[in-house]
Amino acid sequence: LHIRALDITSNVIRYAVTSTMAPDSEKIFLHRSDPSTKLSIWRKLFFGVGGAASVLPGVVLGFYLQIYLLETALLSPKYASVVIFTGKLWDAITDPLVGFFSSRTET
């Protein structure tokens with residue numbers, strides 16, 4: 001199946017579904033969310049815990065990288081900041097580019 005979002009408003013998503021077996025058979029669907037329904041605190045908590053496994057290594061690395069650069073590599077705080085800022089700057093440039101290309105890639 002190939003799913004393609006057509007429009008997204010505050011509580012309605014319109015999307016098209018095409019079968020890979022029959023490419024001419026595109027069907028349009030609407031999904032309406034009820035804005036009055038709230039997620040329970042448990043659902044929010046478990047949703048957040050699922051992302052912790054991918055975020056935690058980066059947080060730990062970022063925390064200990066400063067200590068390593070200052071105390072083990074004996075860099076001055078100025079150069080340690082340049083090293084960390086260079087990585088953040090690279091992410092700020094490449095993340096939107098990767099998002100742009102991945103959004104336009106047909107698989």
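**Helix pair and pocket briefing**

H1 and H2 each supply at least two residues to the lining of the largest pocket. Helices (DSSP H or I, at least four residues) and strands (E, at least two) are numbered from the N terminus. This is a predicted model: local features need pLDDT of at least 70, side-chain atom pairs count only at pLDDT 80 or more, and totals for chains, interfaces and linings use all residues. Residues are numbered from 1 along each chain as its sequence is written, and side-chain values use heavy atoms, with hydrogens and water left out.

**Pocket**
- The largest pocket holds about 190 Å³ of space.
- A pocket is an open set of points on a 1 Å grid over the protein atoms alone, where a 1.4 Å probe fits, with protein on both sides within 12 Å along at least five of seven lines; lining residues have an atom within 4 Å of a point.
- Volume is the space filled by probe spheres set on the points, which are joined across faces, edges and corners.
- Its lining includes Gly 58, Leu 61, Gly 62, Leu 65, Gln 66, Val 83, Ile 84, Gly 87, Lys 88 and Asp 91.
- By class, the lining has four nonpolar, four polar and two charged residues.
- Nonpolar covers Ala, Val, Leu, Ile, Met, Phe, Trp, Tyr, Cys and Pro; charged covers Asp, Glu, Lys and Arg; the others, Gly among them, are polar.

**Helix packing**
- The axes of H1 (residues 41–72) and H2 (residues 77–103) come within 9 Å and cross at roughly 145°.
- Axes are lines fitted to C-alpha atoms over the stretch in contact, with angles from 0 to 180 degrees between N-to-C directions.
- Leu 65, Gln 66, Leu 69 and Leu 70 of H1 meet Pro 77, Ala 80, Val 83 and Ile 84 of H2.
- Contact means heavy atoms within 4.5 Å.

**Chain and loop**
- The chain runs β-β-β-α-α along the sequence.
- Of its 107 residues, 7% count as buried, meaning under 20% relative accessible area (1.4 Å probe, protein chains only), with exposed over 50% and partly exposed in between.
- Leu 74 sits in the loop between H1 and H2.
- Phi of Leu 74 is near 55°, a positive value in a residue other than glycine.
- Leu 74 is exposed, with a relative accessible area of 67%.
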